[in-house]
Amino acid sequence: MSSVSDSEATIIAFVNTIRPNFDYIITITAFSACLFTLFVVLLALSTKESRCRVVFRLNAFAICLALTTSILAGLSNGKAIVDPSNPVSIGVFIAASVSVCFAPLLYDSILLTRLFALYPPASTPPATLLQIIAFPFCVKCTRVVVITLYVNNIATTVTTTATDVLSQDEATTWFRNPNIITEWTLQIADNMYSVSLFLYNLHVRARPLKSEGGIPSRIRQIFYISVANFVFPLIVNIALLIFVVTSRSPDDGGGLLVLVNNYVTVMGVMCATIWFSRLEWVQTRKEPLSDEMLRRRINLARASVGVGMGGGEIAGLPHLAGQV
């Protein structure tokens with residue numbers, strides 16, 4: 001009877017040990033499948049012209065980075081389940097940590113490029129461009145510093161700690177760590193600045209269209225996509241801040257939210273790009289316009305007269321949409 005109880009206790013202890021890694025694997029698999037599907041759709045809807053744009057190439061690089069992060073994180077957690085006594089090498093673990101921590105910074109930088117659709121560097125005064133870019137540039141530099149300090153802390157912990165007490169040291173590194181608290185707070189400020197400035201300028205440039213009978217649906221869609229690109233990461237960032245100050249271990253759910261933060265950010269960028277690619281795909285096939293679509297195009301053409309603000313006319317909405 002005691003042997004049966006001992007066996008059950010051993011099985012339960014093993015299940016409890018691998019459960020966090022199993023949760024990571026499920027999350028990685030689900031989001032990676034979504035990202036791969038979005039990537040295939042993006043390639044299918046892209047045109048020769050859109051594939052030559054810098055924004056498209058940045059998006060392609062971002063999703064490749066996200067899939068690489070999934071492979072590294074999946075390998076680290078899968079090895080912990082299949083062979084707990086022989087984890088992945090320190091180099092693979094550090095590479096996964098670097099990829100997970102630095103990826104959101106790259107995704108946010110891609111979203112920041114939409115400001116250049118409103119303020120083209122070729123036609124915007126250098127002083128104005130400096131005022132616009134100064135704050136996000138300083139924020140991103142600060143984010144690089146705090147992320148580097150946090151990753152260095154992880155690397156030091158992994159290389160100097162025995163495997164049997166590694167989880168305890170990871171909990172110490174996680175709980176109320178000032179570096180990651182600063183990073184997620186700055187991410188909120190970074191996204192809030194870029195989205196607020198973009199939406200404000202979109203509102204100003206769409207104002208003449210109100211006298212033409214309302215705002216076209218394309219501008220509304222740009223507005224909704226921009227808001228979604230901010231709201232969902234904001235919710236995840238707030239949840240991460242709550243977890244890091246209340247939970248002593250990342251295995252309590254905070255680690256999963258870190259991965260979700262990466263996927264939500266890059267999926268927002270991808271959905272915006274796919275929406276724009278769909279419009280171009282339809283236009284390249286010269287599908288007949290309905291009366292409503294024709295009327296809206298006439299309104300857009302009219303609104304472009306006298307709305308030049310640094311070369312970002314409302315009539316240039318296809319270019320603007322590509323920066324969302």
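This is a predicted model: local features need pLDDT of at least 70, side-chain atom pairs count only at pLDDT 80 or more; totals for chains, interfaces and linings use all residues.
Residues are numbered from 1 along each chain as its sequence is written, and side-chain values use heavy atoms, with hydrogens and water left out.

Asp108 is found in helix α4, where helices (H or I, at least four residues) and strands (E, at least two) are DSSP runs numbered from the N terminus. With a relative accessibility of 3%, Asp108 counts as buried, a term that means under 20% relative accessible area, as against over 50% for exposed and partly exposed in between (1.4 Å probe, protein chains only). Apart from neighbours within four places in sequence, Asp108 is in contact with Lys140, Arg143, Gln187, Asp190, Asn191 and Thr265, contact meaning heavy atoms within 4.5 Å.

Side chains of opposite charge can pair when their charged atoms come close. A salt bridge is defined as a side-chain nitrogen of Lys or Arg within 4 Å of a carboxyl oxygen of Asp or Glu, and by this rule the count comes to 4 salt bridges. One of them joins the side chains of Arg143 and Asp108 (2.9 Å, N to O), and this pair links distant parts of the chain, with Arg143 in helix α6 and Asp108 in helix α4, 35 residues apart. Lys140 and Asp190 meet through their side chains in another salt bridge (2.4 Å, N to O); because Lys140 lies in helix α6 and Asp190 in helix α8, the pair ties together parts that are 50 residues apart in sequence. Lys140 counts as buried at 11% relative accessibility, as does Asp190 at 1%. A salt bridge is also found between the side chains of Asp190 and Arg143 (3.2 Å, N to O), and both of these residues are buried. Through salt bridges that share partners, Asp108, Lys140, Arg143, Glu183 and Asp190 are joined into one network.

As a whole, the protein has 12 helices and 0 strands, and buried residues make up 45% of its 324 residues. Of the contacts with a separation of 6 or more, 83% are accounted for by residues 24 or more positions apart.

In the largest nonpolar core, which has 42 residues, Leu35, Trp174, Trp184 and Val266 touch the most other members; such a core is a set of buried Ala, Val, Leu, Ile, Met, Phe, Trp, Tyr and Cys residues joined through side-chain atoms within 4.5 Å. Among the elements that give two or more residues to this core are α1 (2-45), α3 (54-82) and α10 (254-284), and α10 gives the most, with 9 residues. Val266 touches Leu35, Ala62, Ile63, Ala66 and Tyr107, not counting residues up to four places away in sequence. Apart from this core lies another, of 12 residues, among them Leu118, Tyr119, Leu199 and Leu202.
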